Amino acid sequence: MWTRTEDGSVVDDTGKVIYFSLERFVRDIGLGDCCFICGASPSDVPFNNEHVIPEWILRRFGLFDRSLTLPNGTSMRYDRYTVPCCVACNGLMGRVIEQSISALTEGGYDAVNAWREQHGILNLYVWIGLLFLKTHLKDRTLRVYLDARKGHARIAEELQYDWGGLHYLHTLVRCFATGTGIHTDALGSFFIVKVRGDASGQVFDYGDLYHSQSVMLRLGDVAFIACFNDGGNAGLFLKQKLDRITGAVSDVQLRELATELAFLNVHLKDHPKLQSYFDLELERHEMRGSFVMPELVDLDYAIRGKLMHYVFRDMFGKVKSYRWTDQEFEAMVVGGRATFLFDDHGAFIKDDAPLP
C-alpha cells in the first residue's frame with residue numbers, strides 16, 4: 001500500500017516516489033542533483049544524464065555542435081545541454097516516450113495531425129512538457145555571468161523562478177513512470193501548426209517563456225505550441241486567430257503565434273488550480289484541474305512588445321526573407337501591436353511580402 005511521508009510525498013512499498021511534495025521537489029530536483037524523474041541520487045545509482053533537447057532531434061537536425069541562446073543572452077552547445085537523469089529513467093523515457101515521438105514526427109505535420117485526431121494530445125503534451133521542465137531545471141545550474149567577478153547568481157535565481165510553477169508540471173509529465181491518471185481538465189492549451197519552408201532555411205526552432213508557462217518547438221514542417229497552466233483558456237482566444245490562418249505559417253509567423261499565446265495567458269483574469277488526488281489504499285493518483293471562466297483583463301500591448309522582443313531577439317538582422325529593413329522589423333516587434341500574420345485587411349499573409 002502507498003504511504004505518505006512526513007514531507008507530504010507519496011511512496012509505494014518499494015520506496016518509489018509516486019508523488020514529490022513541493023518541499024521534496026525543490027530540495028532533491030529543483031536545487032539538488034537527483035534524477036529529475038525518479039529522484040534517485042547519483043551516489044546510489046548510475047547516471048548518464050538526459051539531453052534537454054532529445055538526442056534524436058540533435059541527430060536529425062545536425063545540432064550536436066551548434067549552440068542555443070540562453071535566457072541571459074549567452075550561448076551553449078546543444079550536446080552539453082543536459083540535466084541529471086539516472087540510466088534506468090533515461091532508458092524508460094527512450095522506450096516509452098522518445099522512440100514513438102521520433103517515429104511519429106518523421107512523417108511531418110500530416111502524420112502528427114492524423115495521429116492526434118485518433119489518439120488525442122496527452123502523449124505529445126507530456127513530451128513537450130518534459131522539454132519545458134528540463135529547460136528550466138537546467139537554468140538552476142547556469143551562471144548569469146560567465147565572468148565570475150560579476151557574481152555567481154544562476155539564471156533561475158536572476159529570473160526569480162517560482163519552483164511551484166514547475167512542481168505541478170513535474171508531477172504531470174512523470175505520469176509515464178508513475179501511472180498517474182491525467183484528466184483532460186488538467187491540461188493546458190496545445191496546438192499543432194504546419195510550417196512552410198522559406199528563405200531562412202530554418203527547420204528546427206525551440207523557445208519558451210517561463211513566467212507565462214508557454215513553449216514552441218518546430219521540427220521541419222510541424223510545430224507544437226503549448227501553454228501549461230491556463231486550462232486551455234488562453235488557447236480559446238488564440239484559436240480565433242488560428243481559424244483565420246489559411247495555410248502553412250513562416251518561421252516568423254510561428255514565433256508570433258507562440259508569443260500571442262503567452263501574451264493571452266498573462267492576461268487571463270484567473271488561472272485554474274491543478275491538484276493531485278490520492279487513494280492510498282487502492283494505490284491511485286490522479287491530476288485534475290478546476291474550471292475557470294475564460295476571461296481576459298485589459299490587454300497591455302507594452303507587455304506584448306516585451307515578449308515579442310525576447311522571442312525575436314536572435315532574428316534581428318537575420319530575417320532576409322522579408323522586405324523590411326532590419327530597423328523596421330525590430331520597430332514592429334517592439335511596438336507590440338504589429339502582426340506578421342495578417343495584412344491591413346485582415347487576410348492571412350501567405351508569402352514573404354511585406355505588410356502594405
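Mentor: Let us begin with pairing: two strands pair if DSSP finds at least two bridges between them. Helices (H or I, at least four residues) and strands (E, at least two) are DSSP runs, numbered from the N terminus. This is a predicted model, in which local features need pLDDT of at least 70, side-chain atom pairs count only at pLDDT 80 or more, and totals for chains, interfaces and linings use all residues. Residues are numbered from 1 along each chain as its sequence is written, and side-chain values use heavy atoms, with hydrogens and water left out.

Trainee: How many residues lie between β11 and β12 in their hairpin?

Mentor: Two residues separate these strands, and glycine 220 in the turn has a positive phi of about 70°. Strand β11 (residues 214-219) runs antiparallel to β12, with six bridges joining them. Within this pair, methionine 216 stands opposite isoleucine 225 of β12.

Trainee: Which residue of β12 is the bridge partner of isoleucine 192?

Mentor: That partner is phenylalanine 224. Strand β9 (residues 189-194) is also antiparallel to β12 and is joined to it by six bridges.

Trainee: Why is β12 described as largely enclosed by the rest of the structure?

Mentor: Buried means under 20% relative accessible area, exposed over 50%, and partly exposed in between (1.4 Å probe, protein chains only). Six of the six residues of β12 (residues 222-227) are buried, so the strand is largely enclosed. Val222, Phe224 and Ala226 point one way, while Ala223, Ile225 and Cys227 point the other way.

Trainee: Is aspartate 110 buried or exposed?

Mentor: Aspartate 110 is exposed because its relative accessible area is 52%. This residue lies in helix α4 (residues 108-119).
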